[in-house]
Amino acid sequence: MERLQRGGARDPGCRAWPLFALRAAALLLLLLLLRQASGHPQCLDFKPPFKPPRPLAFCAQYSDFGCCEAQRDAALLERFYGVTEHLDHAAYAACANHLQDLLCQECSPYAAHLYDAEDPSTPVKTLPGLCPDYCVQVWQNCRSMFKLLSQDRELQALENNMAKFCRYLALEDADYCFPHLLSNKRLTQNLGLVTADTEGCLQLCLVEVANGLRNPVAMVHANDGTHRFFIAEQVGLVWAYLPDRSRLEKPFLNISEAVLTSPWEGDERGFLGIVFHPKFKFNGKVFVYYSVEVKYEERIRISEFRISPDDMNSVDHRSERIILEIDEPASNHNGGELLFGDDGCLYIFTGDGGMAGDPFGTFGNAQNKSTLLGKVLRINVDNNDRGPLYRIPPDNPFVHEPKARPEIYAYGARNMWRCSFDRGDPHTKEGKGRLFCGDVGQNKFEEIDLVEKGKNYGWRAREGFSCYDKKLCLNSSLDDVLPIYAYPHKMGKSVTGGYVYRGCESPNLNGLYIFGDFMSGRLMSLKENRATGKWEYNEICMGTGQTCVFPGFINNYYQYIISFAEDEAGELYFMSTGVPSATAPNGVVYKIVDTSRRAPPGKCRIDPLPVKTKSKLIKFVAKEKLIIKTPTERPKLRTTTRAPARAKATAEPPRVTTPDWVQQILTLLRSQNRVLMTTAAPKTPKPRKGGRAGGRRGQRRRNRPTSAPAQPRNGAVRIMNSNVEGKDRGRVEIFINGKWGTVCDDLWTSKAAAVVCRQLGYAFVIKATKKAEFGEGRSLPILLDDVQCSGREKTLLECTHADIGKHNCSHKEDAGVICSHEDVTETEQ
C-alpha cells in the first residue's frame, strides 16, 4: 500500500511524457502554487542556511545568517573585481552597487529560490530572479554588465529587449524575487529560528538511520573514535553499525537464549540496557542489563563482557561475568538504564519491583533503602579483574547508614525509563553532568526528574506533583524532590526520557531537553529559563508544508517511542516501533534534525577511525519517506504516530512506497492550504499481554466517506449551527449506540476536525472550533471526550477517546468545525 497516492485526474496522453517534461511541469506547478506557503530558507547546496563563523567582508548583510562562509565571500569579491575592471568610470559609479547586490544573492538564506534551485533535479539559473521594477531600473542603467555576469546565451540574446529580458529574469513565485523579498515580513520574520506552528509546536524533521529492528531498546556508541553505533533489540541481540549506516551481518552480542522476554505486546522484560566502559578503547569492557529466569524466579542481571581479541565488532561471549543480580517480585517495572558518569562510576536504574502502587512492605520498595529496587545505584567497576566485581564509592550518600544498601545513590523511583547525563554547553560547559530521568507514572502523571545524590524522588508517596499515597505524602520526614516537569495522562501514559541536545548540526536545539511518550507517541521538549530557573514546555511536531522538503528528510515516525540516544558526536536520535512486541521487526531509528538553521559547512565534520570488519556488511536502505497529505490519497497502514493493525509477531512490517522526487513535488503542490496530518500524537490504550495494543488500527475503508446516510450508523456525524443544521460549519454531533450527542473540545484539534469534514464530504478543514462557538447542545448528552486523531481515521470512533459517555466537561466546551469544498487539486490540472 502506498504512503502517498498520486491524486487528481490524468490525461491519458500524459503517460508518454518524457521525464524532463514531468520535471518541468512539476517545477512550474511548484512555482505557481507555493506562493502562499510559509518561507523555506534553502541554500544552493539544497541545505538550510547557517551563521558564518566570522563576519563576511563583501556580502556583509548576510554575516548573521545566510549561505556563504568567508571562502565563498572572498570568491564573490574576486568575481566583482573581475567584472568591474571592464567597466568605465561612469558605468562603475552607476552599476557597482547593483553588481554587488546581484552577486551576493548566492549568500541569501533564500538563494535556492532566487536561483530556481529548490531541488537537485532543477537546473540552477546563472542570475538571481529579479522583481520587474528593479529589473527595469538595472536594465536601463547597467544592461551591458550582464554579459560579464552570465554566459547564458539566451539571456544575452535578449539584452536589447527590456520586456523580454526582465520576463526572462522574473520568478514565477514573485514573493522570492530580489529585492522585494527583503521587505517581505512573511519571509524575514523569525528567520533562522526553529519553525513553530500557531500553537507553538516546534516543527522538526527526521532522517532514517536504521530499520527492521525488533523493539530497539537502546542505541549507544563506544566513544573510541570510530563513530560506530550499536543498537540493542529487546530479544537480546546487539548490532554494530558503521558511520555510513551499514550494518554488520554478525551480531555484536547475542544472548537471546538467556534473555527472558516474550512476544506479548507491552512485555517489559528483556534486554534493557547496554553501556561501554569510558575506557573501552583500552580495556574492551561492555556492560549489559537484562531479565533472566533462575530456578523459576525472575531477576534483573547486570553483566560485564569483553570485546573479542579477534574481532573488534564482536564480544567474547565466554567472557561474561555477572556483576549484580536483583530478584524481581513481578514481571513489570524492570528499570533498565545503565550509564557511566563523568566520575567514572556505573549508574544503574532499577524499577520498584512491579505490580501497581508498589505494594511491597510497609512503605513500598522505592522508599525502602534496604532493597535495591526503585533506586538509582552507583558502583565502581574499575580495576575489577581481581578482587570484588564492584566496589562502593566512598562518597555514596548512605554508606554510613546501617540499614541502607551502600550502592544506593538516589531513591523513590517508580520505574525510571531512560536517563541521560548532560554533556554541557559545547562552549561554556554549562549544565555538564546533570542527570535527567523520565519516571513512568501510575494512574495520573508522568514526570521528568533531575537526579541528585541522596535525594528522594517521592514514589509511592507522590506521583508527579500529586499525592498518590496520602498518608505517606503528608509525612513530614518524606523530604522528597519534586520533578522539573510532569504531565497528565491526557498527554501520554508512559514517559520515555531523552537527552539535552548538545550536538553540532542543529545549533538552535542546543540546551533543549527532548523526550517522548511511549503510549501517545508525543515528542516533547523542555528548555530551562535561566532567569527563573523554571523549565518551559514545547511540544515537538513533524514539519509540515515545505519544512522538511530537503533531500533525505522525512516527517513521520512509528508511534511507540521506546528510547532516545546520542551518537559519538552528540547528535540526537530516537527509536520507535509500530508493534510493541519483542519479536516484531517494525522498529526504526530516527535522527532528529532542525531545518531552520544548520552549522557552518565543515564545522561538524568527523573523521572516524578505521574499522576492521570480518563480517559481511549489509548496506542501509531507507524505507521511510516524506509524507505530504492530499485529500485524494489512499488510506494507509499506519500514521505518523499511530500503530498499524496488529500483526503476527513474526510478520513482515507493512511496506509503503512513495513517488520519486518529482512526484513528491507534485504532491506537495496539491497539499497547499490543506491541513497536513503528520504531527498528531494520539492517546492510545496501554497494550495488554497477549492482546492488541488497543482497538482496530489501520483498518480503513477505501471508499471516500460521503454525507450521512438516511439510517445513521455508529460514528455518523452532523454539524449544527445553534439548533439549525449547518452546511459547512457548526457544532459537531455524533451518532453512537442509537442516540445523537456532542463532543467535548478537550484535545480537539484540526486533525479531528478533518475527520468530521471528510465524513460530510468536504475535502478541507478551515478551523477546529472550541468553547461552543456554534452554540451549546444542551438537549443532547456528551458522548465523546479527549478525542485525539491522526487525521486519517474514517470516523471519530476510530480515534482514541475516553469511554463513550464519560467526560469531565460541560456543553460550554462543545467542539465544532468549519469545513470547505474548495478543491485545490482541480485548479492544478
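Student: Why is helix H13 (residues 750-759) largely enclosed by the rest of the structure?

Tutor: A word on the source: this is a predicted model, where local features need pLDDT of at least 70, side-chain atom pairs count only at pLDDT 80 or more, and totals for chains, interfaces and linings use all residues. Residues are numbered from 1 along each chain as its sequence is written, and side-chain values use heavy atoms, leaving out hydrogens and water. Buried means under 20% relative accessible area (1.4 Å probe, protein chains only). Helix H13 is largely enclosed because 8 of its 10 residues are buried. Among them are Lys751, Val755, Cys757 and Gln759. Helices here are DSSP runs of H or I with at least four residues, and strands are E runs of at least two, numbered from the N terminus.

Student: What covers the buried residues of H13?

Tutor: Look for contacts, meaning heavy atoms within 4.5 Å. The cover includes strands S29 (717-721), S31 (729-736), S33 (764-769) and S35 (816-820). After H13 comes glycine 761, with a positive phi near 95 degrees.

Student: How many bridges join S7 to S8?

Tutor: There are 5, joining S7 to the antiparallel S8 (residues 285-294). For valine 275, the bridge partner in S8 is phenylalanine 287.

Technical notes
Buried < 20%, exposed > 50% of the residue type's maximum accessible area, 1.4 Å probe, protein only. Pairing = 2+ DSSP bridges.
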